[in-house]
Amino acid sequence: MRIERIELRVVEMALVEPFETSFGREEVRPAILVAAMGDGLTGWGECVAGAGPWYSYETIETAWHILGDFLIPTILDQQLDHPEALTQEWKRVRGHPMAKAGLETALWDLWARSQNISLKEALGGAKDRVESGISLGIQPSIDALLERVEAALEKGYRRVKLKIKPGWDLDIIQAVRERFGDIPLMADANAAYTLNDLPLLKTLDEYELMMIEQPFRYDDLVDHAELQRQLKTSVCLDESVKSPEDARQALALGSCRIINIKPGRVGGLASAKRIHDLCMEQNVLVWCGGMLETGIGRAHNVALASLPGFSLPNDLSASERYYHEDLVEPPFVLEQGGTLAVPEGSGIGVKVIENRLERVTVRRTISTA
Ligand code: OSB
Ligand code: MG
């Protein structure tokens, strides 16, 4: 198939409730949605760059620029091969994994549709349902947090992740353990600590967390390795792993025992799959992270999480946990045993609701061959 047309749009999605992490607070989630077209088919992708360079250096503006000026021109009017060939071609563009992933995921969807297979099948997925965890942001008070945890457990979420930062860490973990006992619990620091906090981080061992996610700087591997040597609790990397090469180095250094794989952060599904394969070979556990995606990005993540190595609950919650109205039909719902069903239809297996999409679109551009 020849790629005839690519549409980019910025959407702004109001979150059901504000999401606060150690790096900031979001009430509206912007995203770039990518539609790649050819042969009468459309493939959808989502770029997870944020409004500002807080989680990583990429933003909506940098991704718009890299997509429009460098990535789209390499594929427009070209024959669509298997999407795994793209990663090689895009090596020339240094960094910008979120921009790459936005387009790469759209091409996976388009390619799977052209083969009339599901994305799950295209990726080599095995599971029909994936385990759902929930990520709870920093709350105004401990009581507010305890309420959120209770509601999440009642809904059936398989594990709870608490966002932490200095001053919102030991007390809240202790409070949650006291109230809810030995539920599957973990913490995510989004790079808020340094090796100077080692004494505090060591006291976390008492609380038997499943893991602590990205305690140190957004690109650190060396200090995380030192921490992992000193902690009983498993270290999980998020921000620091932006490519399969980063993952290989993290494993070589012993920087973590677990990796949170986000296709959006690592340049797309092909890289995500390579990290999964590498971790499986070396007995490092993986799960699929999230970036508050709309149903489009969520569908990609759910298909990825159906691969056999995703053995821990994922940051893949129901659509209603993020948005009052998701952009896809059917929305993702929490089902039996705290799981999401992996769509079986062609490509991402969910339908984009065009009129909702129009309502949240704030910018748009079309490139044609
Ligand atoms: O660090 O995993 C993170 C959301 C935005 C940016 C970074 C992170 C997160 C989450 C939410 O934790 C995960 C989700 O999409 O449910
Ligand atoms: Mg994280």
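## Close-up views of a predicted model

View 1. A backbone N or O atom of leucine 292 sits 2.9 Å from an oxygen atom of ligand 1. This is a predicted model, so read every distance here as a computed one. Aspartate 238 uses its side chain instead, with an N or O atom 3.1 Å from an oxygen atom of the ligand.

**View 2. Helix H1 against helix H3.** Here H1 (residues 60-75) packs on H3 (residues 97-114), the axes being 9 Å apart and the angle about 45°. That angle is why H1 counts as oblique to H3. As for handedness, the crossing of H1 past H3 is right-handed. On the H1 side, the contact involves Ala63, Ile66, Leu67, Leu71, Ile72 and Ile75. Facing them from H3 are Ala99, Lys100, Leu103 and Leu107. Sort the contact residues by class and you get 9 nonpolar and 1 charged, with no polar ones.

**View 3. Helix H9 against helix H11.** Another helix pair: H9 (residues 244-253) and H11 (residues 269-281) have axes 9 Å apart and pack at about 20°. Parallel or perpendicular? With that angle, H9 and H11 are roughly parallel to each other. H9 passes H11 in a right-handed crossing. Pro244, Glu245, Ala247, Arg248 and Leu251 make the contact from H9, while H11 supplies Ser271, Arg274, Ile275, Leu278 and Cys279.

View 4. Where does proline 330 sit? Its place is in the loop that joins strand E12 (328-329) to strand E13 (339-341).

**View 5. Positive phi at aspartate 39.** Aspartate 39 isn't a glycine, yet its phi is positive, at about 55°. You'll find aspartate 39 in the loop between strand E2 (24-38) and strand E3 (41-47).

Key:
Residues numbered from 1 in each chain as written. Chains lettered and ligands numbered in written order. Predicted model: local features only at pLDDT ≥ 70, side-chain atom pairs only at ≥ 80, totals over all residues. Heavy atoms only, no water. Axes fitted to C-alpha atoms, helices over the stretch in contact; angles between N-to-C directions. Helix = DSSP H or I, 4+ residues; strand = E, 2+ residues; numbered from the N terminus. Parallel < 35°, antiparallel > 145°, perpendicular 65-115°, else oblique. Left-handed = near helix turned anticlockwise from the far one by under 90°. Contact = heavy atoms within 4.5 Å. Nonpolar A, V, L, I, M, F, W, Y, C, P; charged D, E, K, R; others polar. Polar contact = N/O pair within 3.5 Å; in protein donor to acceptor, adjacent residues only side chain to side chain.
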